[in-house]
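Me: I am new to this structure and would like to learn how to read it feature by feature. Could you give me the general idea each time, and then the case at hand?

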Amino acid sequence: MSFIFHGQNAPYAVESAINRLQFHGIFDMTLDRTDMRILRHLEQDGRISNQDLANAVALSPSACLRRVKLLEERGVIEGYRCTISPKNVGVAFEALVQVSMRPDVPEWHDSFVAAIQSWPEVVSAQIVTGASNYVLTVRTRDLDHYSDFVIHKLHRASGVMAINSSIVLTTLKRDGSILDLVEPSAGGHGG
């Protein structure tokens, strides 16, 4: 694939072509310092107006909106949501549950994945390395509700061999930012 650009708009045309290629997944998107500032502000307040966001990152409102839309289109921003206080809605009990499966049970993985999708108590689930196959974050109203979940749902799931629960006493950190791990590019936006 080659591009030939002539004239005074050549630098813009080259940048535009690279941006189009990046949008189609040919290159990975890089984030510049302005992108990082936009993301930090949105991470702190997803309801910030475009005008306030533009002022905060020293862009015009139209340039800011273009960047936000590009970050959304490229999947950097996956969505916007509110944070609900579990305690204030009556589901303060939390447990981290390691689940080990019996490998001799046919289609144990697909069956388990389907089951956890139907259980509202499971708020997150990861496949992990080590002694267990999965780590679940489980939220319930109280210990009785949790016991009922384990006995009547989790233990009865096809292929479950062992369950190891750790009850969360207090959460020390929940709102860490992955942006602290991202190195912004020194170059221009998107490339």
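Me: To begin with a single side chain, does lysine 69 count as buried, partly exposed or exposed, and at what relative accessibility?

Reply: Before the answer, a word on the source: this is a predicted model, in which local features need pLDDT of at least 70 and side-chain atom pairs count only at pLDDT 80 or more, while totals for chains, interfaces and linings use all residues. Residues are numbered from 1 along each chain as its sequence is written, and side-chain values use heavy atoms, with hydrogens and water left out. As for the general idea, buried means under 20% relative accessible area, exposed means over 50%, and partly exposed is in between, using a 1.4 Å probe and protein chains only. Lysine 69 has 40% relative accessibility, so it counts as partly exposed.

Me: Which residue forms a salt bridge with lysine 69?

Reply: A salt bridge is a side-chain nitrogen of Lys or Arg within 4 Å of a carboxyl oxygen of Asp or Glu. Here the partner of lysine 69 is glutamate 72, and their closest N and O atoms are 3.7 Å apart. Glutamate 72 is partly exposed, with a relative accessible area of 27%. Both residues lie in helix H4, 3 residues apart, which is about one turn of the helix; helices (H or I, at least four residues) and strands (E, at least two) are DSSP runs, numbered from the N terminus.

Me: How many salt bridges does the structure hold, and which parts does the pair of arginine 40 and aspartate 180 tie together?

Reply: The structure holds 8 salt bridges. In one of them, arginine 40 pairs with aspartate 180, with the closest N and O atoms 2.9 Å apart. Arginine 40 lies in helix H2 (residues 33–44) and aspartate 180 in the segment after strand S4 (160–167), so this pair ties together parts that are 140 residues apart in sequence. Arginine 40 is partly exposed because its relative accessibility is 31%, whereas aspartate 180, at 56%, is exposed. Arginine 102 forms a salt bridge with aspartate 104, where the closest N and O atoms are 2.6 Å apart. There, arginine 102 is partly exposed at 36% and aspartate 104 is exposed at 53%.

Me: What does threonine 34 touch, leaving aside residues up to four places away in sequence?

Reply: Contact means heavy atoms within 4.5 Å. By that rule, and not counting residues up to four places away in sequence, threonine 34 touches Leu59 and Arg67. Threonine 34 lies in helix H2, and with a relative accessible area of 15% it is buried.

Me: How are two helices compared, and at what angle do the axes of H3 and H4 cross?

Reply: Axes are lines fitted to C-alpha atoms, for helices over the stretch in contact, and angles run from 0 to 180 degrees between N-to-C directions. The axes of helix H3 (residues 50–57) and helix H4 (residues 61–73) come within 9 Å and cross at roughly 100 degrees. That makes H3 roughly perpendicular to H4, since angles under 35 degrees count as roughly parallel, over 145 as roughly antiparallel, 65 to 115 as roughly perpendicular and the rest as oblique. On the H3 side, Asn50, Gln51, Leu53, Ala54 and Val57 meet Pro61, Cys64, Leu65 and Val68 in H4.

Me: How many aromatic pairs are found in the whole structure?

Reply: Rings of Phe, Tyr and Trp (its six-membered ring) pair if their centres lie within 6.5 Å, and planes under 30 degrees apart count as stacked, over 60 as edge-to-face and the rest as tilted. A search of the whole structure finds 5 such pairs. The rings of phenylalanine 93 and tyrosine 146 have centres 5.3 Å apart and planes at 35 degrees, so this pair is tilted. Phenylalanine 93 lies in strand S1 (residues 93–101) and tyrosine 146 in helix H6 (residues 143–154), so the pair ties together parts 53 residues apart in sequence. Phenylalanine 93 is buried at 14% relative accessibility, and tyrosine 146 is buried at 6%. The rings of phenylalanine 112 and tryptophan 119 have centres 6.2 Å apart and planes at 80 degrees, so that pair is edge-to-face. Trp108, Phe112, Trp119, Tyr134 and Phe149 form one aromatic cluster.
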